[in-house]
Amino acid sequence: MFHDKHKLFVAIITLSVSIPSTGQAPLPLDPAVRTGKLPNGFTYYIRYNNTPKDRVIMYLANKVGSILETDEQQGLAHFVEHMSFNGTKHFPKNELVDYLEKSGVRFGSDLNAYTSFDETVYKLPLPSDKPEIIEHGIQIMRDWAQDATMDPEEIDKERGVVLEEKRLRKGAGERIQEQTTPLLLNYSRYASRNPIGKEEVIQNFKPEAIKTFYKDWYRPDLQALIVVGDIDVTEMEKSIREKFADLKNPTNKKPRTKYSVPLTGKNGFITVTDKELNYTDIQVMFKGRARVVRTAADYRASLVGMMFNQMLKARFAEMSNESDAPFRSADAGLGGLMADVDMYAVNVVAKPGELEKGFKAAWRMSRRTQLFGFTQTELDRARLTILNNMEASIKEKDKTQSGTYVNQCLQNFLTQTAAFSVDKENELVKRFIPGITLKDVNSVIDEYVKDSNRDIVIIAPEKDKADLPDKTTVLSWIKSVNKEKLKTYKDDVGSLPLLKANPAEGKIVKEEKIELGITRLVLSNGVNVLLKKTDFSNSQIVFSSFSRGGTSLSTDAGFPGAEIAGAVVGAGGVGNYTAVQLQKFLTGKQVRVIPYIGDREQGLNGVSGTEDLETALQLVYGYFTEPRVDKEIFKAMIIEARTAMANREVDPNTAYIDTINNVLGNYNIRRSPPSLEKIDRLNLDSILSFYKARFADASGLTFTFVGSIDEAKIKPLLEKYLGSLPAKGVKEKSRDLGIHIPPGRFSRTVYKGTAERATVMMVLSGPFDYSYENDVKMAALKGILQIRMTARLREQESGVYTPNVDLNTVKLPLGRFHMTISFACTPDNVDRLIAAAMDEVEKVVKNGPAQDDIDKHKEETRRVREIALSTNDQWLGYLNSQLINNEPLTTVDHYDEAMSKITVKGLKDLAAKYLTGENYISFILIPEKYAKNSGAGTSQ
C-alpha cells in the first residue's frame with residue numbers, strides 16, 4: 001500500500017526486539033549534520049536543507065521533564081514551558097509572541113512546545129529570507145535556555161490557562177488512565193509524574209519554587225539547539241557559539257538521574273469501569289526492555305520487528321473484516337510503552353456480551369502465529385514493502401522536509417538514537433532485508449510472550465461491572481486456547497491480472513496549454529483531464545476527479561445507503577481481486593485510490609508513485625466498471641454499526657455533537673444522527689445500485705493530476721484507462737436540497753457527564769455574497785478574531801487553553817457562510833467567556849479590527865501560502881475547488897491584489913454585514929448536575 005516518503009526510518013526506530021544491544025560500533029551521524037558541544041556542555045546540531053525554501057526550524061531540547069519534579073513540584077516542568085512564552089530577558093511580557101506573529105509565525109500552529117516525562121522541547125519555525133528574523137530567533141532560543149523572567153504577575157495569570165489545559169483531559173479517559181497507569185508502569189516514578197501536574201500545586205506554588213526548578217534544570221549540559229533549514233551552516237554555527245557560550249551550569253548542579261520502569265517479573269491484572277464509557281476493551285500486554293537503534297545490529301533487529309508487525313497486523317485486519325468476527329475490533333503487535341520499556345500486546349474491543357468469544361478469537365490468532373509463524377509469501381510482501389519504501393525515500397532525498405531531519409537530531413540528543421543518512425539507511429536495508437528469514441521474524445513473539453511481566457487490563461461501562469471476568473477466568477481463556485489444536489494460517493493470494501477486462505482504448509481528441517502551465521486534454525468519451533507538472537516531488541503524482549450529482553440525487557429514504565456507498569465499495573475489491581487479495585496485491589506499491597460520493601459530487605481521490613501510476617489508473621477504471629462489494633465486509637460493517645449504537649447515549653460528547661448536527665442541519669433527515677432504524681434500512685443491493693448509477697457515465701467527469709508528470713508517459717495511460725470509461729453524454733446536475741443553518745438567535749444546552757468541564761460552540765451564519773475578494777476578506781476576519789480570542793479569552797481572562805475560530809464559506813448551491821468560536825472552560829465561567837467572546841466580535845463590527853492585527857494576519861497568511869504553494873496537495877485542492885465552483889483557475893494570481901484591499905474600513909463593513917449576531921446559535925455541554933439548578937432536562 002502507499003507509504004509516505006521518508007517515514008521508513010521514523011517507523012523503524014519506534015519498534016524494537018527485546019534483546020541487549022551488542023558491542024558494535026555506533027552508526028555514524030549523517031555527515032550533512034554539523035554538530036558540536038561548547039565548553040559549558042551545550043550541544044548543537046545544524047543542517048542545511050531547502051525543503052521548504054526560505055524556512056528554518058529551530059528546536060531547543062532540554063533533558064528536563066516531569067520525572068525530575070519533587071512531590072511538591074508536580075506540574076512545574078510544564079509550567080516553565082508556559083512561562084517561556086510569557087516574558088524573557090529580551091522579550092518582556094507578551095512581546096515574544098507579538099514579535100513572532102508580526103513575522104508570520106502563528107502561535108500554537110507554528111510556535112509551540114511540549115513537556116513530557118523526560119524532556120521539554122521548544123519549537124520555532126521561522127522565515128529565513130530575512131537575516132534579522134533569524135537573529136531574533138537565535139536570541140529567543142537563548143532566552144528560553146536560561147533567561148525566562150518568571151514574572152510573578154504573569155505566573156498568576158498563567159495558572160488559569162494551565163488549569164484549563166488540564167481540564168481538557170477530564171472525562172472517562174483521564175479517570176481510566178489514573179487507575180491503569182500505576183499498574184502498567186510497575187508503580188515506578190513515571191506512574192506518579194504526569195506532566196500536566198497536580199491541581200493543588202498549579203494553583204498554589206510560590207514564584208520562588210518555579211524559579212528554583214528553572215535554575216536547577218535549565219542548564220547547558222542538559223540542552224541542545226537543533227537548527228535545520230535554508231541557512232548558512234557556518235554562519236549559524238558561529239552565531240550559536242557566540243550566543244550560547246555564556247550559559248552557566250549551577251555551582252552545585254544536581255545529578256540528572258536517568259529513571260527506568262523496572263521489569264519486576266510480576267504479572268498484573270485490573271478491571272476499570274466508568275459510567276461514560278460505551279465499549280468494553282481487554283488488553284494483554286507483555287513488557288520487555290526496549291532497544292534503541294544505535295548500531296547496525298540494532299537496526300537489523302528493528303527491521304525484523306517492523307516486518308513482524310506488518311505481517312501480524314495484516315492478519316488481524318483480514319480477520320476483522322469477516323462478517324462473523326466475534327469482536328468490534330482486534331489488533332496485536334509490538335509498540336512502545338514508556339521510557340525504556342516496550343511491549344507486545346493483544347487488544348480486543350468486544351461486542352456486547354461477547355468478551356470471552358472475542359478475546360479467544362484474537363488470542364487464537366496470536367497463538368497460531370507463535371506456534372506456526374508466518375508464511376513465505378507474507379515475508380516476501382514485507383520485504384517488498386520495505387525495499388520499495390526505501391527506494392522511494394532515495395528518490396525523494398533532496399525533497400525531504402526539514403522537520404524529518406530535526407526529529408532525527410532530536411532523538412539522537414534525547415535517547416542517543418542513531419541519526420544516520422538516508423544513503424546509509426539504504427545501504428543497511430539492501431544488506432539486511434534479503435537475509436532476514438522466517439526464523440528471524442517468527443522468533444520475535446517468543447521474546448515477549450512469557451508467564452512474566454504480563455499485565456491484563458479490562459475497561460468497560462459501569463453497568464457491565466458485575467459481568468466482567470476476574471484474573472483467573474481470563475487466564476483460563478488463554479489456557480483453553482493454548483490447548484486447542486490449531487491449524488496453520490492460509491495466505492489467500494491472487495495471481496490474476498487486476499482487471500477482468502482489457503479496456504478498449506479511447507483517444508485524446510483535444511489538447512491545449514492553458515493558464516498556470518496546465519495541459520488540458522479532452523478524451524474521446526468526453527472526460528476532461530488537467531495535467532499540472534511540478535517539481536515539489538521527484539516521484540509523486542496526486543489526482544482527483546469529480547462529476548456532478550452526489551447524494552443530492554438520492555431520495556431521503558435512500559440517503560443512509562447513498563451516504564456510505566463510496567465507503568462500502570472502497571472497502572471491497574476490484575476486478576479479479578477480493579478485498580483481502582487486493583490489499584496483498586498492493587503491498588509495496590506506492591498507490592492509494594479511494595472512491596467517494598459527497599453531497600454534490602462523486603469521483604475518486606488518489607496518490608501514486610510515478611512507477612505505479614498504471615496500477616493507480618487500473619484501480620480508477622476498476623472502481624468505475626468492475627467494483628466488487630464484499631458481502632462479508634458489508635455484514636461486518638452493519639454489525640459494527642448496530643453494536644456502536646448499544647451504549648452510544650452514555651458518551652457526553654456524542655450527545656453534544658448529535659445536538660449540534662441536528663440543529664445546524666435544521667433537523668433534516670440527512671443531517672440527523674445514526675439510528676437503528678437507519679441501519680435496518682441499509683441494503684447492499686440498493687447501495688451498489690446507487691453507486692453504479694453515480695459512476696455509470698464519465699462524460700461529465702473532470703480529472704486533475706498534479707506532480708512529477710511525464711506527459712509522454714501519462715498520455716497513453718490516460719487514453720487506455722480513462723478514455724475507455726463508459727460515457728452516455730448525459731451531464732447531470734446536483735440538486736439544491738435547501739439544507740441551511742436556521743436563522744435567528746437561540747441557545748441549546750446539553751446536560752451530560754460528570755467531569756467539571758464545559759464545552760462551548762458559538763455559531764454565526766447566513767447568506768454570503770461569494771467572490772474571491774469577499775472570501776479573502778472573510779478569512780481575514782476569521783484570522784483576526786483568532787488572534788483576538790487568544791488574547792482575550794486565554795491571556796486576559798485566563799479562562800481557556802485553546803480557543804478556536806473556524807470559517808466555512810460556500811458558493812454552491814447558494815452563497816452561505818458560518819463562523820464558529822469554540823472553547824472549553826470551567827462551567828462557572830461559561831456565561832462570562834461567551835460574553836467576552838461576543839464583545840470581541842462586536843468591537844470588530846463597531847470599530848473594525850486593529851491595524852496591528854491586520855498586519856499580523858497578512859504576514860501569517862503570506863508565509864503559510866508560500867509553503868502551501870510548494871506542495872502538490874495544495875495545488876490539487878485549489879484546482880479542484882476552482883473547477884467545482886466554476887471559478888477561474890488564475891484566481892491564485894490575484895492574491896496580492898485581494899490582500900491589498902484588506903483594510904480596517906473594509907473589514908469593518910464586512911463584519912457589520914455578516915457578524916451582527918442576527919443569526920447566532922450557542923451550544924453548551926455542561927455536567928448533568930447543573931440541570932438541577934436550571935430546572936432543565938437533558939437538553940434545552
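**Labels and their grounds**

Tutor: The second largest cavity has a volume of about 30 Å³. Bear in mind throughout that the model is predicted.

Student: How many cavities of 30 Å³ or more does the structure hold?
Tutor: The structure holds two.

Student: What makes a space a cavity rather than a pocket?
Tutor: A cavity is a set of points where a 1.4 Å probe fits but cannot get out, whereas a pocket is an open set.

Student: Which residues line the second largest cavity, and how do they divide by type?
Tutor: The lining consists of S547, Q602, F624, R694, F695, D697, A698 and L701. Four are nonpolar, two polar and two charged. Phe, Ala and Leu count as nonpolar and Asp and Arg as charged, so F624, F695, A698 and L701 form the nonpolar group, and R694 and D697 the charged one.

Student: Why is R381 called buried?
Tutor: Buried means under 20% relative accessible area. R381 has 14%, so the label applies.

Student: Is D491 buried or exposed?
Tutor: D491 has a relative accessible area of 18%. That value is under 20%, so D491 is buried.

Student: How do you know that R381 and D491 form a salt bridge?
Tutor: Their side chains meet at 2.9 Å, N to O. The cut-off is 4 Å between a side-chain nitrogen of Lys or Arg and a carboxyl oxygen of Asp or Glu, so the pair qualifies.

Student: What does the pair of R381 and D491 tie together?
Tutor: R381 belongs to helix α12 (residues 376–395), and D491 to the loop between α16 (471–483) and β12 (508–514). The pair therefore ties together parts that are 110 residues apart in sequence.

Student: How many salt bridges does a search of the whole structure find?
Tutor: The search finds 80. Another of them joins the side chains of K463 and D464 at 3.3 Å, N to O.

Student: Why are R862 and E866 called partly exposed?
Tutor: R862 has a relative accessible area of 30%, and E866 has 32%. The label covers values between the 20% and 50% limits, so both residues receive it. Elsewhere, salt bridges that share partners join R788, R792, E797, R832, D839, E840, K843 and D853 into one network.

Student: Which residues touch the most other members of the largest nonpolar core?
Tutor: Of its 62 residues, they are M58, W144, I240 and F244. The largest share of this core, seven residues, comes from helix α4 (residues 131–146). Apart from it lies another core of 57 residues, including A332, A361, I433 and V441.

Student: What is I240 in contact with, leaving aside neighbours within four places in sequence?
Tutor: The contacts of I240 are L38, F42, Y44, I46, I138, L225, V227 and A245.

Notes:
Residues numbered from 1 in each chain as written. Predicted model: local features only at pLDDT ≥ 70, side-chain atom pairs only at ≥ 80, totals over all residues. Heavy atoms only, no water. 1 Å grid on protein atoms, 1.4 Å probe; cavity = no way out; pocket = protein on both sides within 12 Å on 5 of 7 lines; lining within 4 Å. Points joined across faces, edges and corners; volume = space filled by probe spheres on them. Core = buried A, V, L, I, M, F, W, Y, C linked by side-chain atoms within 4.5 Å. Buried < 20%, exposed > 50% of the residue type's maximum accessible area, 1.4 Å probe, protein only. Helix = DSSP H or I, 4+ residues; strand = E, 2+ residues; numbered from the N terminus. Contact = heavy atoms within 4.5 Å.
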